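The following paragraphs lead through one structure, a few places at a time. Please keep the sequence and the 3D view open while reading.

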Amino acid sequence: MAKKLYIKTYGCQMNVYDSARMADVLAPLGYGTAETPADADMVILNTCHIREKASEKVFSELGRLRRTRAERREAGADMIIAVAGCVAQAEGAEILRRAPEVDIVLGPQTYHRLPEMVARATRARSLKDGKKRRGAGVLDTDFPPESKFDHLPAPAPDQAVSAFLAIQEGCDKFCTFCVVPYTRGAEFSRPVTQIVDEARALVAAGAREITLLGQNVNAYHGEAPNGGEWDLGRLVRHLADAVDGLLRIRYTTSHPRDMDDDLIAAHAGVPQLMPFLHLPVQSGSDRVLEAMNRQHEARRYYEIIERLRAARPDLALSSDFIVGFPGESEADFAATLKLVEEIGFAQAFSFKYSIRPGTPGAAMENQVPEDVKDERLQRLQAVLNAQQVAFNRAMVGRVLPVLLEKPGRHEGQLVGRSPYLQAVHAPADQSEIGTVVDLRIEDIGHFSLSGSRVPSEHKPNRSNRETLQEAVA
Ligand code: SAH
Ligand code: SF4
Ligand code: F3S
């Protein structure tokens with residue numbers, strides 16, 4: 001009997017990856033994809049705890065799901081509701097108390113056990129009315145001794161052109177604002193062989209670009225094929241050599257502390273490694289960086305960027321910023337603005353500091369008033385937005401290699417990604433999905449660029465790399 005599964009994903013790319021794995025794990029039980037929650041026999045909310053707003057979304061969504069399930073029951077169907085991810089890990093049994101409609105609560109490290117949880121949740125239904133008995137919710141937020149990665153089925157046979165591959169999970173850094181070390185647990189790196197196998201399977205299923213994922217991806221130190229350990233630089237070089245058909249490699253998210261020589265060298269030597277790096281700095285002030293426990297000074301960030309740009313002159317940067325961390329003065333904030341002005345970002349994410357229960361930052365006394373955070377965020381975003389617009393404008397007239405991913409807005413058009421993750425629309429045929437074509441950028445819209453094909457005989461003599469170098473300069 002075919003059943004249907006709907007997964008709603010919040011938060012980071014790791015959650016997107018995990019959602020796909022949960023679907024893989026449930027496929028052998030007969031679960032296919034539902035288009036909407038109303039069509040679903042099971043709904044999983046894969047949640048994010050990083051900021052208060054992200055967490056609270058879960059409970060409003062659960063309210064909606066309760067009504068959807070009631071409607072389904074009137075029509076003689078039913079629905080299992082599961083809460084997964086970082087809110088589930090952080091709040092555990094509290095979710096079952098606050099939202100009794102939930103059947104299953106599971107953390108990010110236990111989803112290989114989903115089939116068993118579904119069986120238990122089904123048994124927990126009363127024979128009389130099919131409803132869950134009070135207190136019968138299934139809770140599994142262990143950090144099990146076995147690795148879920150050893151118990152996952154092969155990736156589905158139809159992959160998008162751009163795929164995620166988790167190589168590392170968890171974090172031992174304990175930045176004082178952050179819940180991740182608590183929700184994802186201790187840092188863990190997958191063995192190289194397992195990663196290579198998964199990369200090959202993804203490419204065989206249609207992927208041409210792989211983004212290596214980890215909460216601290218450049219802290220990667222996985223078991224090497226012949227003993228010992230490899231770092232991320234070595235892994236990237238190996239994937240580039242060993243996985244035929246893999247055109248592009250990216251990795252995220254990195255910490256400045258772990259940006260080592262080998263990885264910087266990979267940026268110079270591996271053409272598949274895209275010249276775009278998300279390297280969160282959070283603040284430009286040494287005082288704030290110290291209070292955040294980032295374990296480096298602003299100067300180190302400037303130095304790394306300089307070395308990266310020396311290794312790969314066409315590299316463009318992205319980052320994360322937090323404004324209004326406890327104790328942040330106007331002078332501290334000015335140091336952040338200065339860093340942004342001096343380094344220059346193609347794109348960035350910026351957030352107001354959000355107090356997270358249980359983290360050291362929550363107990364700090366010098367919290368910054370909300371209106372000050374608002375005002376600083378606006379000022380920072382004005383500068384970052386202007387840099388992003390300037391970066392995109394600088395692409396007009398240039399030739400970019402674009403990996404075509406899927407149908408675009410209009411017929412006869414595909415949309416793909418530039419090396420800098422910009423969406424680019426171009427006239428192309430369906431059959432060209434998964435190939436890289438050179439496009440001359442003609443126009444920039446709100447959310448994407450558009451370009452025209454560069455006929456090979458008119459290709460500029462200069463290498464793309466040189467052209468791009470000028471664009472980021
Ligand atoms: N592993 C990544 C961060 C993951 S969280 C790293 O080390 O940088 C993604 C981003 O969310 C962080 O970079 C930070 O900018 C932001 N963030 C994390 N906790 C936050 C909080 N309590 N309030 C506001 N923003 C936060
Ligand atoms: Fe959170 Fe810091 Fe770890 Fe990143 S490095 S996940 S910000 S604790
Ligand atoms: Fe959110 Fe957890 Fe990712 S808190 S950002 S889903 S690691």
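Val424 has a relative accessibility of 0% and so counts as buried; buried means under 20% relative accessible area, exposed means over 50%, and partly exposed covers what is in between, with a 1.4 Å probe and protein chains only. The model is predicted: local features need pLDDT of at least 70, side-chain atom pairs count only at pLDDT 80 or more, and totals for chains, interfaces and linings use all residues. Residues are numbered from 1 along each chain as its sequence is written, chains are lettered from A and ligands numbered from 1 in the order in which they are written, and side-chain values use heavy atoms, with hydrogens and water left out.

Val424 belongs to strand β19. Helices (H or I, at least four residues) and strands (E, at least two) are DSSP runs, numbered from the N terminus. Which residues does Val424 contact, leaving aside its neighbours within four places in sequence? They are Val402, Leu414, Val415, Gly416, Ser418, Leu439, Ile441, Leu449, Ser450 and Gly451, where contact means heavy atoms within 4.5 Å. Ile444 is 20 residues from Val424 along the chain, and their C-alpha atoms are separated by 9.0 Å.

Another buried residue is Met395, at 0% relative accessibility. Met395 is placed in the loop between α13 and β17 (399–407). From Met395 to Ile95 the separation is 300 residues in sequence and 48 Å in space, C-alpha to C-alpha.

The next topic is aromatic rings. A search of the whole structure finds seven aromatic pairs. Rings of Phe, Tyr and Trp (its six-membered ring) pair if their centres lie within 6.5 Å; planes under 30 degrees apart count as stacked, over 60 as edge-to-face and the rest as tilted. One of the pairs is Phe276 with Tyr420, edge-to-face at 6.4 Å centre to centre, with 65 degrees between the planes. This pair links distant parts of the chain, 144 residues apart: Phe276 is in strand β14 (residues 276–278), and Tyr420 is in the loop between β18 (413–417) and β19 (423–427). Phe276 is buried, with a relative accessible area of 10%, and Tyr420 is buried too, with a relative accessible area of 4%.

Phe325 and Tyr353 also form an edge-to-face pair, with 5.2 Å between the centres and 70 degrees between the planes. Phe325 lies in the loop between β15 (316–323) and α12 (330–343), and Tyr353 in the loop between β16 (347–352) and α13 (370–393), so the pair ties together parts that are 28 residues apart in sequence. Both Phe325 and Tyr353 are buried. Together with Phe177, Phe325 and Tyr353 form one aromatic cluster.

Rings also lie under charges. The charged end of Arg21 sits over the ring of Tyr17, 4.7 Å from its centre, and Arg234 lies over the face of Trp230, 4.1 Å from the ring centre. A charge sits over a ring if NZ of Lys or CZ of Arg is within 6 Å of the ring centre and within 35 degrees of the ring normal.

Helix α2 (residues 52–74) has 23 residues, which at 1.5 Å a residue should span 33 Å; its end C-alpha atoms are 35 Å apart, which agrees. The expected span is 1.5 Å times one less than the number of residues. Among the buried residues of α2 are Val58, Phe59, Leu62 and Leu65, as well as Glu61, Arg69 and Arg72. The elements that cover the buried residues of α2 include β1 (3–9), β3 (42–47), β4 (80–84), α3 (85–91) and α4 (93–98). Just after α2, Gly76 takes a positive phi of about 85 degrees.

Most residues other than glycine have a negative phi, and most peptide bonds are trans. Phe174, however, has a positive phi near 50 degrees. Phe174 lies in the loop between β8 (168–169) and α6 (180–183) and, at 36% relative accessibility, counts as partly exposed. Phe174 is also among the residues that surround ligand 2, which include Cys171, Cys175, Phe177 and Cys178; a residue is near a molecule if one of its heavy atoms lies within 4 Å of it. Asn293 has a positive phi near 60 degrees. A cis peptide bond, with omega about 0 degrees, joins Thr252 and Thr253.
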